[in-house]
Amino acid sequence: LIADIDGFERVGQFKYIPLPGGEAAIREPWRTAISYIADAAGEKAFAYLEQLGFVQRYGKEHVQQIVTIARSKELSPLSSGAGRLFDAVSAMLGICDVNSFEGEAAMALESYAQDGIDDEYQVELKRENGYTIVDFSRTVLDIFGDLANKIDRGVIAARFHNTIASVIKTMVCDVSKRQGIADVALSGGTFQNQYLLNRTSQLLKA
């Protein structure tokens with residue numbers, strides 16, 4: 001957002017992703033993970049979900065049902081919230097697939113992130129008329145690739161956090177260059193995440 005005391009203008013967002021079953025997806029992040037994988041992998045989604053162990057854990061019919069629900073506008077409201085992305089990655093890594101309280105999956109994912117990792121994943125930024133859509137499809141597929149290659153989950157968690165911090169830096173620098181604004185406010189529940197807050201602050205200061 002670009003904001004002052006008179007109002008604000010939205011200049012970018014994470015790509016909208018369906019939440020299969022709405023509130024149910026917030027309680028059960030594995031549903032959101034299925035939605036992200038279905039969006040990123042298309043027709044290959046079920047094979048990806050099988051390799052991740054989702055089919056074994058939740059049953060073939062149940063997984064197919066969630067994929068179908070994710071593709072239904074009536075049954076799956078759209079979300080661009082960062083929290084749902086953190087939820088999905090936590091479930092993909094097998095760290096937390098059910099939230100017993102708000103933010104549990106994201107907090108668990110943060111706790112896994114290893115220090116001393118500087119790598120990050122690919123992200124696609126789609127810019128049009130000064131507005132940017134951040135698409136994490138490549139990130140999801142890269143994470144899947146790391147899991148398939150037996151990369152440590154702590155390394156994957158760190159790379160994911162680094163990716164988010166890098167996206168924020170890129171977006172802020174882009175807006176700053178176009179608008180001449182140098183003051184940045186980092187807010188919302190996502191920045192309760194100390195790893196993300198520290199890394200984002202370091203990148204912006206640099």
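Predicted model: local features only at pLDDT ≥ 70, side-chain atom pairs only at ≥ 80, totals over all residues.

Biologist: OK, so how do α3 and α8 cross, and at what angle?

Modeller: Helix α3 covers residues 45–52 and helix α8 covers residues 137–148; their axes come within 11 Å and cross at roughly 40°. That angle makes α3 oblique to α8. The crossing of the two is left-handed.

Biologist: Which residues make the contact?

Modeller: On the α3 side they are Y48, Q51 and L52, and α8 brings L141, F144 and L147. By class, that contact of α3 with α8 has 5 nonpolar residues, 1 polar and no charged ones.

Biologist: And α2 with α6, what's the angle there?

Modeller: Helix α2, residues 29–41, crosses α6 at roughly 95°, and the axes come within 7 Å. The two are therefore roughly perpendicular to each other. From α2 the contact uses P29, W30, T32, A33, Y36 and I37, while α6 supplies R84, L85, D87, A88, A91 and M92. Sorted by class, the contact of α2 with α6 has 9 nonpolar, 1 polar and 2 charged residues.

Biologist: How many residues of α6 are buried?

Modeller: 10 of the 11 residues in α6 (residues 82–92) are buried, so the helix is mostly covered, taking under 20% relative accessible area as buried. R84 and D87 are among the buried residues of α6, as are L85, F86 and V89.

Biologist: What follows that helix?

Modeller: G94 follows α6, and its phi is positive, near 70°.

Biologist: Switching to the core. Which residues touch the most other members?

Modeller: The largest nonpolar core has 56 residues, and F54, L93, I143 and F160 touch the most other members. Helix α9 (residues 153–179) gives the most to this core, with 10 residues. As a general point, nonpolar side chains in soluble globular proteins tend to be buried together.

Biologist: Which residues is F160 in contact with, leaving aside its neighbours in sequence?

Modeller: Beyond four places in sequence, F160 is in contact with L85, F86, V89, L109, Y121, T139 and I143. Of those, L85, F86 and V89 are on the list of buried α6 residues.

Biologist: Now G12. Where is it, and is it buried or exposed?

Modeller: G12 sits in strand β3, residues 12–14. G12 is buried, with a relative accessible area of 18%. Leaving aside neighbours within four places in sequence, G12 is in contact with Y131, T132 and M171. G12 and V175 are 163 residues apart in sequence, yet 9.6 Å apart in space, C-alpha to C-alpha.

Biologist: Does K150 count as buried or exposed?

Modeller: K150 counts as exposed, at 75% relative accessibility.

Terms used: Residues numbered from 1 in each chain as written. Heavy atoms only, no water. Core = buried A, V, L, I, M, F, W, Y, C linked by side-chain atoms within 4.5 Å. Buried < 20%, exposed > 50% of the residue type's maximum accessible area, 1.4 Å probe, protein only. Helix = DSSP H or I, 4+ residues; strand = E, 2+ residues; numbered from the N terminus. Contact = heavy atoms within 4.5 Å. Axes fitted to C-alpha atoms, helices over the stretch in contact; angles between N-to-C directions. Parallel < 35°, antiparallel > 145°, perpendicular 65-115°, else oblique. Left-handed = near helix turned anticlockwise from the far one by under 90°. Nonpolar A, V, L, I, M, F, W, Y, C, P; charged D, E, K, R; others polar.
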